[in-house]
Amino acid sequence: MLKHVFTSCFLLFIIHTAKAQLFPEHNYPTNYFRYPLDIPLKLNANFGEMRPNHFHMGLDLFTLRRENLPVYAPADGWISKVKVDPNGFGNAIYVSHPNGYTSLYCHMNTFPTKVLQAMKEGQYVKESWKGDVEFAKNQFPVKKGEFLAYSGNTGASAGPHVHYEIRRTEDDACLNALLFHRVYDVTPPDITKLAVYDRTKSTYEQTPKTLMLSRAAGGYSVPGGTITVNSEAVSFAIVATDRVTGVPNANGIFEALVYVDEEAISGFRVDGIDYLQTRYLNAHIDYRIKANGGSYYQHISPLPGDRLPIYFKKDDGLIHLDDTTTHQVKIVVKDANNNASTVRFQLKRSAWTSAATNVQKDSRYMLPNQINIFEQGDVQMVSSEKSFYDAFRLVYNYKTSATAFSNIHVMHSPTVPVHDSMMFRIKPNKEIPASARNRVIMIHNTKGKVVVERATLVKGWYEAKSRDFGEFWLEVDEVPPTITVAGVTDGGTVVAGSPITVTVADNKKAIYSFRAELDGQWLMFAGLGPVFRYKTDEYCPIGDHELKLRVEDEAGNVTERIIRFTRK
Ligand SMILES: [Zn+2]
């Protein structure tokens, strides 16, 4: 009897240990960081929400639909970095804290004057308006609650808000900032749809069975209560959102796990994602459904080429059905406060199963986790081992073109996502004059989005990289860009604070670089193109000056302008 009790205790211990290890446990400090705004916490978006080609990597803090709210240091530390990122973070400020975390605030309007001055000096050292300027640990120490910045709407922002992140300083891993703050939330996630995949085939080469879920006593259920499949290996994807109690916004979920007969098979938890991995969003979702205007279905069992470290998997993470008995399935979805919703249904395999795809038998199959090469006549494509997430049979076609210097190569379909760039090589089908051989560009058209890339000549082939499938062809561009200057004229004068605006234009709308020099020294113009701005400051002292502007397009055509003027 005593022995029996011991055995039970031992078994319980094993079960508990196994359960605790589905995902790594973190004990983040929840009382260390104060909320960085002086208004109550309200989220416009949370960590792990799905966006085009990336996960949302922070918390979007509601700022009363206004700009210029003061942002305060959430804890003691030092301002370690500022960043100008016009396509993303806008003006961002980073604070490192002695407990090993860094907090950061994006889309800011402005920083304290001493920080702005040091930032400008750093930009002049780097000769770049864009990018990071780092500060020494003792340069700008801050106390908890000290003013850091005024909020705004700079960079890729659709309205005033603060994008707030917490990262592990050591490796820059981006963590779920909600795990550092206590938020009142007792509302469980909503689960609305379920997709069923036959994983003996590529997820790209099937139309999953999709089901609308309905609320039932104690959770959600599927129509009829039973899902019957004709495959020996299946997986699920779900559409689910989460809300914080009292806030109407639908945010992303934190965790999902699928259990078969009470055994955990696969799942994910978005407690941290590295910026280098955020593009795996395209593997995590059913990309084709989303690309065709559908919902964000999140795969619970990762695709073979999905290297995100957010998953738990038992073996291959798929549900294997060796016989036709009925199994009890539940999918448990949680938010960061551990509020849970559950879908329950029965899963059964039919006696007949559809034949698995043998991808190894067909050389046109592109496979995840390996280098793939496609070659035909005057076109080549080489992937990396991280280019694809699942297998697909490459479809290739071509069209002729009167104006292009090659055929128009139609490489597969943009509904298959690409992670690492593929190298494309194209042979011209018309004689390119010797003078134009270093003015060749590869045009890449994905669903109307045109990208122009400088093409490099290697052994008779022109090559360039791309991260999308679509149409590819070669063109020759010998037309240099143009420069229009406002605010200063050759032989004219300017005064302190007066703006100089440079507008550049290119026949292919592809500016490769812009550089301004004053008396041989780099001068900081702000802007992404086609408009660059400079406001006369201490870098243009009273006296005579020579402003030299240089613009280069993607094909390598260069235009230069020299303007001599006097600063009064
Ligand atoms: Zn954001």
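Author: Start with a term: two strands pair if DSSP finds at least two bridges between them. Strands are DSSP runs of E with at least two residues, helices are runs of H or I with at least four, and both are numbered from the N terminus. This is a predicted model, where local features need pLDDT of at least 70, side-chain atom pairs count only at pLDDT 80 or more, and totals for chains, interfaces and linings use all residues. Residues are numbered from 1 along each chain as its sequence is written, and side-chain values use heavy atoms, with hydrogens and water left out.

Now look at strand 6, residues 77–85. Four bridges join strand 6 to strand 9 (residues 131–134), and the two run antiparallel. Find Val 82: its bridge partner in strand 9 is Val 133. Strand 7 (residues 90–96) is also antiparallel to strand 6, with seven bridges joining them. Here Ile 79 has Val 95 as its bridge partner. Four residues lie between strand 6 and strand 7, and the two strands form a hairpin. Strand 10 (residues 141–142) pairs with strand 6 too, in the antiparallel sense, over two bridges. In that pairing, Trp 78 stands opposite Pro 141.

Next, burial. Buried means under 20% relative accessible area, exposed over 50%, and partly exposed in between (1.4 Å probe, protein chains only). Nine of the nine residues of strand 6 are buried, so the strand is largely enclosed by the rest of the structure.

Lys 81 lies over the face of Tyr 94, at 4.5 Å from the ring centre. A charge sits over a ring if NZ of Lys or CZ of Arg is within 6 Å of the ring centre and within 35 degrees of the ring normal.

Now leave the strand for the zinc ion. Its protein donors are His 56 (NE2), Asp 60 (OD) and His 163 (ND1), at 2.0 to 2.1 Å. Donors are N, O and S atoms within 2.8 Å of the metal (3.2 Å for Na, K and Ca); water is not among the atoms, so sites may look incomplete. In sequence, the donor residues are spaced H-x3-D-x102-H. Asp 60 lies in strand 4 (residues 59–62) and His 163 in strand 12 (residues 161–168), so this pair ties together parts that are 103 residues apart in sequence. Both Asp 60 and His 163 are buried.
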